[in-house]
Amino acid sequence: MASFVTEVLASSGKLEKEDLASKISRMSRKVEDTKEEVCDMINKKYSEFLPNLQASEDLMVQIDTVSKEMEALKNCIESEVQQNIHVAVNEYLKLKQQLEKNTIIIKMLEHLKQFHSAMEDFNKALQEKKYVDAATHLEKAGKSVDSLKDWKTSQLPLLSSLSSELTVQRENLIYHLGDEWKRLVIWRLPSTKESAGPKAFHKIELVLSDAGIKDFEPKPTPLLCSVLQALAVQGDLQNKIKLFSHVLLKNMLKPLVMYASLELTLSEQQGEGTILGLECLEEGNEERSTPSQVYKKLLLMLKTLHSHLLDVSIGDKKLSAILGELIWEEVSKCIIHDCLVYSIPTNSSDLERYNSVIRETEVFEEALKNMEYLQDDSTDLLKYARDVNCHFASKKCRDVIVAARKLMTSKMHNTVK
């Protein structure tokens, strides 16, 4: 049976007003019928939760068909209006207004169709653990709902149901992503800590799990990359990495700098994954670690994190760069105050040997830049190390002042009789 559009296009010469009005009227009824069916289907699915897959697919096809017929009829009418404007301007304008009203309804139905399709694709992707695809489809569904809200003539009662469904599914996705993150990145912290000192950090472990990962699968794994990128799409990645950086600084990075007796261990356990742990050795004569020892421990930690967790692109940045922005200021301050300060020579004859510390600091920062933890060419840490002459002079001044204070406060005895 020929469509309305075919009938319009097949007519030769100008359209009769009565015939055109009849077709517009019939098309309006058809649009209204389609609107009622779609709204009823969407309402049943997202308000009453009545599944009807075949009916919804048929309605999606019906929307596409009516939309195409409307577009063709609209173009035909606009052409006819231009040709017959001197005959029936007012009547054709009324017909065009009715057509524009129908066009608005069709656009609303298309947004409903897009929402429905996006939610179906989201559920499928979530079941298959394709988290980036799931997050993307959820964003598309959100845009469709926003578009429906933007229509001033749109007063659909089911809009609140669609918004509620969108909120529920967004929370559902965030829950799944958080659950995957906890399974892949595991902190093992002691239930009770010692009062203070390096023993408080003994046996702390960070496990980068490889459970369920196939042999020879690249690291970071596709699943981990998918989780991190989906968190970024949802806008929740920054919070996750900020919390991770806080625990990392407090329980591993700072203690490794502050305590010479703490050592970093690295092991691979079948079925568990890569384990980074702290061990408290017997305290030796050295109270402070040398810069070389500190840099070695920190690089082992950061290289392992980079290869197993942070070498993931998030937009135009690596995840290691995001973590670096969160931790570097505190790490560099800790290295300066708890390590470099104590490595400043006390004698001018030792200044030449301090060049090795400057070189070690340069190599340390260069390695961090290669892993994208650092972006700047020169940081406060390197500036501090290079400014050794100033620090040496300041240290000598402090020593003189301390000696003078002791002399001034000591008891003086007159031995002359």
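Because the model is predicted, local features need pLDDT of at least 70 and side-chain atom pairs count only at pLDDT 80 or more, whereas totals for chains, interfaces and linings use all residues. Residues are numbered from 1 along each chain as its sequence is written, and side-chain values use heavy atoms, with hydrogens and water left out.

A pair of aromatic rings is described by the distance of the centres and the angle of the planes. Rings of Phe, Tyr and Trp (its six-membered ring) are taken to pair if their centres lie within 6.5 Å, and planes under 30 degrees apart count as stacked, over 60 as edge-to-face and the rest as tilted. Five aromatic pairs are present in the structure. In one of them, the ring centres of Trp 181 and Phe 244 are 6.1 Å apart and the planes stand at 85°, so the pair is edge-to-face. Trp 181 belongs to helix H6 (residues 159–184) and Phe 244 to helix H8 (residues 237–258), so the pair ties together parts that are 63 residues apart in sequence; helices (H or I, at least four residues) and strands (E, at least two) are DSSP runs, numbered from the N terminus. Both Trp 181 and Phe 244 are buried, where buried means under 20% relative accessible area, exposed over 50% and partly exposed in between (1.4 Å probe, protein chains only). Through ring pairs, Trp 181, Trp 187 and Phe 244 are linked into a cluster.

A further pair is formed by Phe 201 and Tyr 259, whose ring centres are 6.1 Å apart with planes at 35°, so this pair is tilted. Phe 201 is buried, with a relative accessible area of 11%.

Lys 297, found in helix H9 (residues 291–310), is buried yet has no salt bridge, the nearest side chain of opposite charge being Glu 263, 4.8 Å away. A salt bridge is a side-chain nitrogen of Lys or Arg within 4 Å of a carboxyl oxygen of Asp or Glu; Lys and Arg count as positive and Asp and Glu as negative, while His and the chain ends are not counted.

Strand S2 is mostly covered, since four of its five residues are buried. S1 and S2 run antiparallel and are joined by four bridges, two strands being paired if DSSP finds at least two bridges between them. Val 185 stands opposite Leu 208 in S2.
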